[in-house]
Amino acid sequence: MKIHEYQAKKLLKSYGIPIQDGVTINDLAQAEAAIDQVSKDFGAEQYIIKAQVHAGGRGKGGGVKFSPDKASALEHIKSILGMTLVTHQTGPEGRRVRKVMVAEALDIKQEFYVAITLDRSTGRNVFMVSSEGGMEIEEVAKTSPEKIVKESILPGMGLRTFQARNLALALGLDGAAIRQATGLFQKLYKLYREMDGSIVEINPLVLTEQGNIIALDAKINFDDNALYLHPDVAEMRDLDEEDPTEVEAGKYDLNYIKLEGTIGCMVNGAGLAMSTMDIIKQVGGSPANFLDVGGGANVETVKNGFRIILSDENVKAVLINIFGGIVRCDRIANGIIEAVKELDLDVPVVVRLEGTNAVVAKEILANSDVSIISADSFKDAANKVVEAARG
Ligand code: ADP
Ligand code: MG
């Protein structure tokens, strides 16, 4: 799960990490009061207006604006609130901005990159920093990866003081700034572990002209499977920022991820779902979604799966690929027939059922009065659905 910058900063603050705070609003009517409050609380005379969306690259996309005075701050709030912000992370359709943060514009001496995540190749958490922080970090990672300095963290040990110091030194800091950064890194790692983060990223962490180290931006993603341990975090979920179909699928316990293609896939088991997408690609098609209906698929799951898949207008054909282990294929077959009738399906459906009671299931489908294209093998199913999608 993702949260907004302003929420992440609140969390950082609760761990004693210095942040660049601001006032977040969702209504233009609150704009002047917000600017006044930032002036009063932080002594601000110049402002930064920041779109709050679950996507990075806001600065480059025009969602972060410097304002030298109150009048210009108001103008920027007007233009950003409600805009459709397009960044390299939103896709071309962009994201509607529903909240903006008003903050003080700081005198920045240097911008750094700081992040913690799981390194799957070592199976350990990794703490990364770079002196080349700011909006070009993707470019740095691509062209000069050696400028990103890493400390691999031993399970059970946490981020050791010497590691935190190494990281601070790698940023070229000196004196008091080293101490500030070292403390900050340790608090940040504590937050990442205690809150079950999957990514914590501060880009930029800044050194101000006054010599202070402050988190100017903050991004935290959480491990969904641990959310039940953190009701406060779960409460920060913003459904406006998520794909509506994915939210709907979540209600039925379906693992659904929307993709760009034309072939709707209904599969049980994540592994089979992945290989189904692969084989569709291999035979020249393109999957419209990833959908794992889970191990205990039944009539209801099949129906809900259909509903979700068909809500995507791009879907030209559907492939149902179910392996009957615990689930019985005959039940699935009946579910498919029921769903096709009830939902008044108007796209071709290719079905491949294998495993427990598959033979009976094939008979049920063959003897039904709904039109379903039956497939014998995995490859056969993929070929048939790709052909069906072409019309
Ligand atoms: P994003 O990462 O989505 O582009 P950031 O919050 O990192 O958004 O802001 C982008 C850039 O805007 C920063 O790298 C920094 O240069 C500038 N910026 C952001 N907040 C401030 C601020 N309070 N004062 C001065 N500059 C800022
Ligand atoms: Mg940033």
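Where is aspartate 196 found? The legends below, all for a predicted model, get to that in the last view.

**View 1. The three domains of the protein.** The protein is split into domain 1 (1–20 + 107–241), domain 2 (22–105) and domain 3 (243–390). As you can see from the ranges, domain 1 is written in two pieces, 1–20 and 107–241. If you look from domain 2 across to domain 3, their C-alpha centres are 43 Å apart.

**View 2. Ligand 1 and the residues around it.** Here we zoom in on ligand 1, which has 17 residues surrounding it. Lys50, Arg58, Gly59, Glu104 and Glu111 are the closest of them.

**View 3. Polar atoms facing ligand 1.** A polar side-chain atom of glutamate 111 sits 2.5 Å from an oxygen atom of the ligand. With glutamate 104 it's the backbone that takes part: one of its polar backbone atoms is 2.9 Å from a nitrogen atom of ligand 1. Then there's aspartate 217, with an N or O atom of its side chain 3.0 Å from a ligand oxygen. On its own, ligand 1 has 550 Å² of accessible area, and the protein covers 88% of that.

**View 4. The pocket that holds ligand 1.** Ligand 1 takes up the space of the second largest pocket.

View 5. Most residues other than glycine have a negative phi, and most peptide bonds are trans. Aspartate 196 isn't a glycine, yet its phi is positive, at about 55°. To settle the opening question, aspartate 196 is in the loop between helix H7 (176–194) and E10. Proline 204 is in strand E10 itself. The peptide bond joining asparagine 203 to proline 204 is cis, with omega about 10°.

Methods
Residues are numbered from 1 along each chain as its sequence is written. Chains are lettered from A and ligands numbered from 1 in the order in which they are written. This is a predicted model: local features need pLDDT of at least 70, side-chain atom pairs count only at pLDDT 80 or more; totals for chains, interfaces and linings use all residues. Side-chain values use heavy atoms; hydrogens and water are left out. A residue is near a molecule or strand if one of its heavy atoms lies within 4 Å of it. A polar contact is a pair of N or O atoms within 3.5 Å; within protein, one must be able to donate a hydrogen and the other to accept it, and residues adjacent in sequence count only if both atoms are side-chain atoms. Accessible areas come from the Shrake-Rupley method with a 1.4 Å probe; for residues, only the protein chains shown count as cover. On a 1 Å grid over the protein atoms alone, a cavity is a set of points where a 1.4 Å probe fits but cannot get out, and a pocket is an open set with protein on both sides within 12 Å along at least five of seven lines; lining residues have an atom within 4 Å of a point. A molecule sits in a cavity or pocket if more than half of its atoms lie within 2 Å of its grid points. Domain bounds come from an automatic or database domain assignment. Helices (H or I, at least four residues) and strands (E, at least two) are DSSP runs, numbered from the N terminus.
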